[in-house]
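Hi there,

Here is the structure I promised to pass on to you.

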Amino acid sequence: MKWERLGKRNISRFLQTYSCFIILLGLIIVSGALSDKFLSQQNIFNVLRQQAHIAILALGALIVILTGGIDLSSGAILGISNVFVAYFITNLALDSMGGAAISIITAILAGGLAGFINGLLIAYLSMPAFIATLASMTMLRGVALVMTNGTPIRPPVDPLANPGSFALFRFGQDSDPLIGMPWPVWVTVVIVAFFWFLMKYTTFGRLTMATGSNEDATRLAGINVKMYKTAAYTLCGLLAGVAGVLLAARAGIAIPAAGSGQELTSIAAVVIGGASLSGGSGKVANTIVGVFILALIGNIMTLLAIPAYPQQIIEGAIIIAAVFLNRGKKKK
Amino acid sequence: MSEQAAGLPADQGYKIEMRNIHKSFGGVHALKDVSLRVRPGEIHALLGENGAGKSTLMKILSGAYSLDSGSIWIDGAEVGINSPKAGIALGVSIIYQELALMGDLTAAENIFIDNLNDGRGLIHWKRLRAKTQEVLNDLGFGQIQPSSQVSELSIAYQQVVEICRALSRNSSILVLDEPTAVLSTHEAEQLFTLLGRLSASGVAIIYISHRLEEILKICDRATVLRDGENVASVEIKDVDEQKLVNMMIGRDPQNYFPERERAIGEVVFEADGICRGDAVRNVSFHVRAGEVFGISGLVGAGRTETVMAILGEDKRDSGTVRVNGRAIKMRSPIDARKAGVSLLTEDRKTQGVLLDLPILYNISLCALKALSGPGGVINRKKERQAAGVLVDKLRIKIGSLDDDCSSLSGGNQQKVSISKLLGSGSRILLFDEPTRGVDVGAKIEIYKIISELVSEGYAIIMISSEMPEIIGMCDRVAVMRGGRIVGELDRAELCEQSLINLSMGVNG
């Protein structure tokens with residue numbers, strides 16, 4: 001009956017919106033109490049630097065999940081872009097600053113192209129998103145392995161011999177002179193702000209959400225749902241491409257396995273942020289909070305010197321706990 | 001069981017008694033001191049507008065909800081029904097409007113899902129099918145194959161399968177929630193025969209429906225609820241449709257169908273030779289501005305299929321569509337919207353509204369282009385204003401534009417859907433079963449809205465299975481049978497008899 005739903009909905013909506021913020025706050029407080037290193041500026045910037053590319057990946061996952069889909073290939077797209085940028089900058093006479101720019105743009109566009117193809121397969125050929133992106137994940141990882149022959153590419157860090165590569169590496173390492181925030185984090189901040197605006201204030205965001213909420217109703221209302229779905233996968237690919245470049249810049253090395261499993265981390269972050277895997281609900285800010293919930297769990301365990309293998313067990317358990325606390329929107 | 005029914009005096013010996021039921025949700029009374037008494041072998045109508053408490057009462061009976069106070073008595077003994085399982089064990093079965101069948105399984109598997117192996121180890125398929133055939137034969141539906149996949153059966157037959165499942169559980173109390181909403185007149189007749197047979201064998205049937213003429217025809221008594229309280233329990237022979245309506249809404253509805261000025265203009269929409277397989281065969285018609293054009297016919301006559309083929313949602317084999325005299329390439333609802341043609345879908349929940357998004361987003365769904373500036377940035381102030389205007393115009397009862405659409409009653413959800421069409425700027429509106437599943441009050445509202453829209457020059461094509469509303473609302477009606485238009489009637493010729501004759505292929 002409607003009365004029952006009214007009361008429950010207000011509470012559940014509140015929880016759905018804010019519970020991940022509460023979880024994050026709790027984590028910060030507990031972590032700060034457990035380790036005095038945790039709240040140091042160095043540790044905070046470290047965490048941010050490490051999460052910069054994951055946050056971007058998670059944004060892509062969010063957009064796809066909002067349409068009611070899923071993208072398992074974003075980790076592999078990250079890998080491709082990671083390898084592309086290092087390969088171009090090292091092996092094809094693209095060693096000037098302009099060359100570096102071309103390498104970066106090509107790597108990002110390659111990601112966008114891969115996402116676009118995912119979108120075509122899913123929206124226009126009606127393939128299940130899970131299967132289509134599983135296949136493209138496998139293929140793209142294969143391409144990265146073929147290109148690198150399975151070995152890492154280490155671009156030269158020499159301002160004279162390869163200024164482009166040197167600049168990329170410095171960008172990944174350096175921080176802005178004002179508040180000392182790493183440059184890759186700034187890139188993430190700008191992108192997050194852009195997507196926050198896009199999803200909240202534009203027709204694109206609204207209709208992407210409508211598509212995920214009820215695809216039949218949206219299509220019959222005369223909205224081009226195929227286009228919005230394709231656009232979502234394309235954006236996801238572009239973002240994974242950016243993430244790949246950022247990772248290469250930070251690590252100073254490109255490995256073909258880069259990003260393996262991170263598609264799942266990013267999907268977990270979206271879900272911890274309260275989005276529904278069936279589409280139609282999810283927020284940019286909550287997704288970023290989800291990323292940091294996952295990151296802080298790892299960070300505090302490392303600071304407490306918990307060995308890596310048990311860390312995974314605890315991390316999995318905490319994800320379940322977070323999603324449990326967060327399941328504000330219960331569909332009966 | 002029939003001896004038992006026959007042996008009881010008429011004024012006592014209830015099969016089921018719900019006494020002084022109270023139920024509240026978060027401080028709001030959904031049911032206040034409600035009682036319901038049904039005798040064995042009786043078909044008892046439970047009436048009330050949406051939100052009157054019918055579903056809550058039935059959910060308490062089935063064990064889906066617990067009661068706050070009051071008692072339930074079955075066969076004269078007080079029982080506690082605290083779970084759906086307990087309800088089934090006591091012989092209570094509810095057939096909801098949305099059938100709870102497993103579409104990929106066969107009729108036999110669905111009917112005996114609780115006891116496929118007959119208490120033995122493995123399933124004996126041959127025996128299972130024979131047993132199923134027996135049950136179906138008993139009910140007079142021997143034509144349903146036990147091995148047919150349920151999703152391949154018509155909705156009517158699916159209902160029969162679900163009723164069989166209830167009987168296989170030895171249910172002696174059967175609740176049917178709007179069973180005929182999805183049936184054609186002929187199928188409904190079959191259902192009524194079946195219900196008659198069941199009641200004769202002593203099953204107590206609680207029948208929920210918005211169609212009063214059915215209730216007058218098949219029910220013995222009726223209990224009317226309004227705002228969670230008993231209004232009356234009456235013998236059907238003592239009442240008529242008007243009395244029932246008055247009890248339900250507590251006011252005189254005057255006239256269901258508003259009188260309107262008929263100012264019919266130019267032809268604005270033409271469909272010419274629309275074909276799609278066997279479902280739609282060479283359908284042609286035209287509609288003028290300011291006109292309500294009805295498409296009548298039995299379920300399965302190809303009405304929705306025609307509309308979907310016109311919009312290009314389903315691929316046409318041939319046929320052209322003209323809007324304002326200009327041929328339009330309609331390959332999808334996107335083209336339709338661009339041409340100013342919009343559809344109000346038959347199934348509100350799955351194809352109409354976006355239930356878990358705010359009302360605001362639903363209303364402005366098709367209007368975003370006009371409401372946004374460069375880069376697709378939505379002008380939120382303008383959006384709210386535009387939505388507010390439509391909420392006022394259609395008299396939609398909402399708390400806030402930011403509430404989820406699911407918080408609204410069926411009638412208001414339907415109004416939100418209509419406002420979405422108006423927001424698109426379309427002047428040609430296809431209404432597929434616009435009053436399906438809404439209560440009497442909301443129906444009257446929707447008729448009023450349709451009248452207002454046509455007097456503003458909109459052209460409305462209305463598909464309906466309800467003959468009274470076709471007769472009450474339409475200026476001209478095409479009747480479909482077997483995918484073809486078999487006749488067109490204008491206002492003067494419109495009557496139930498002519499519609500039935502045409503739609504069933506009887507020469508009148």
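This is a predicted model: local features need pLDDT of at least 70, side-chain atom pairs count only at pLDDT 80 or more; totals for chains, interfaces and linings use all residues.

Let me start with the surface of chain A. A nonpolar patch of about 730 Å² is formed there by A:L113, A:F116, A:I117, A:L120, A:Y124, A:L125, A:M127 and A:M227. Which helix gives the most to this nonpolar patch? That is helix α4 of chain A, residues 97–124, with five residues. A:L113 is one of the patch residues, and you will find A:L113 in helix α4 of chain A.

Next, the charges. Side chains of opposite charge can pair when their charged atoms come close. How many salt bridges does the structure hold over all chains? The count is 31, and I picked out a few for you.

In chain A, the side chains of A:R170 and A:D174 meet in a salt bridge, at 2.9 Å from N to O.

In chain B, B:D75 and B:K15 form a salt bridge, and their closest N and O atoms are 3.0 Å apart.

Another chain B pair is B:E17 with B:R19, a salt bridge whose closest N and O atoms are 3.0 Å apart. Here B:E17 is buried, with a relative accessible area of 11%, and B:R19 is partly exposed, with 26%.

Chain B also has a network of salt bridges, which links B:R395, B:K415, B:E445, B:K448 and B:E452.

Now for two helix pairs, one in each chain. In chain B, the axes of helix α16 (residues 410–423) and helix α17 (residues 440–455) come within 10 Å and cross at roughly 15°. Angles under 35 degrees count as roughly parallel, so α16(B) is roughly parallel to α17(B). The crossing in which α16(B) passes α17(B) is right-handed.

In chain A, helix α2 (residues 41–66) and helix α7 (residues 183–201) have axes that come within 8 Å and cross at roughly 20°. By that angle, α2(A) is likewise roughly parallel to α7(A). As for handedness, α2(A) passes α7(A) in a left-handed crossing.

Finally, a glycine to look up in chain A. Where is A:G280? Look in the loop between α11 (262–272) and α12 (284–303) of chain A. With 2% relative accessibility, A:G280 counts as buried. The C-alpha atom of A:G280 is separated by 13 Å from that of A:I70, and these two residues are 210 residues apart along the chain.

Best wishes

Definitions and conventions
Residues are numbered from 1 along each chain as its sequence is written. Chains are lettered from A and ligands numbered from 1 in the order in which they are written. Side-chain values use heavy atoms; hydrogens and water are left out. Patches are made of residues with over 30% relative accessible area and no salt bridge: like charges are joined within 9 Å, nonpolar side chains (Val, Leu, Ile, Met, Phe, Trp, Tyr) within 5 Å. Accessible areas come from the Shrake-Rupley method with a 1.4 Å probe; for residues, only the protein chains shown count as cover. A salt bridge is a side-chain nitrogen of Lys or Arg within 4 Å of a carboxyl oxygen of Asp or Glu. Helices (H or I, at least four residues) and strands (E, at least two) are DSSP runs, numbered from the N terminus. Buried means under 20% relative accessible area, exposed over 50%, partly exposed in between (1.4 Å probe, protein chains only). Axes are lines fitted to C-alpha atoms, for helices over the stretch in contact, and angles run from 0 to 180 degrees between N-to-C directions. Angles under 35 degrees count as roughly parallel, over 145 as roughly antiparallel, 65 to 115 as roughly perpendicular and the rest as oblique. A crossing is left-handed if the near helix is turned anticlockwise from the far one by less than a right angle, and right-handed if clockwise.
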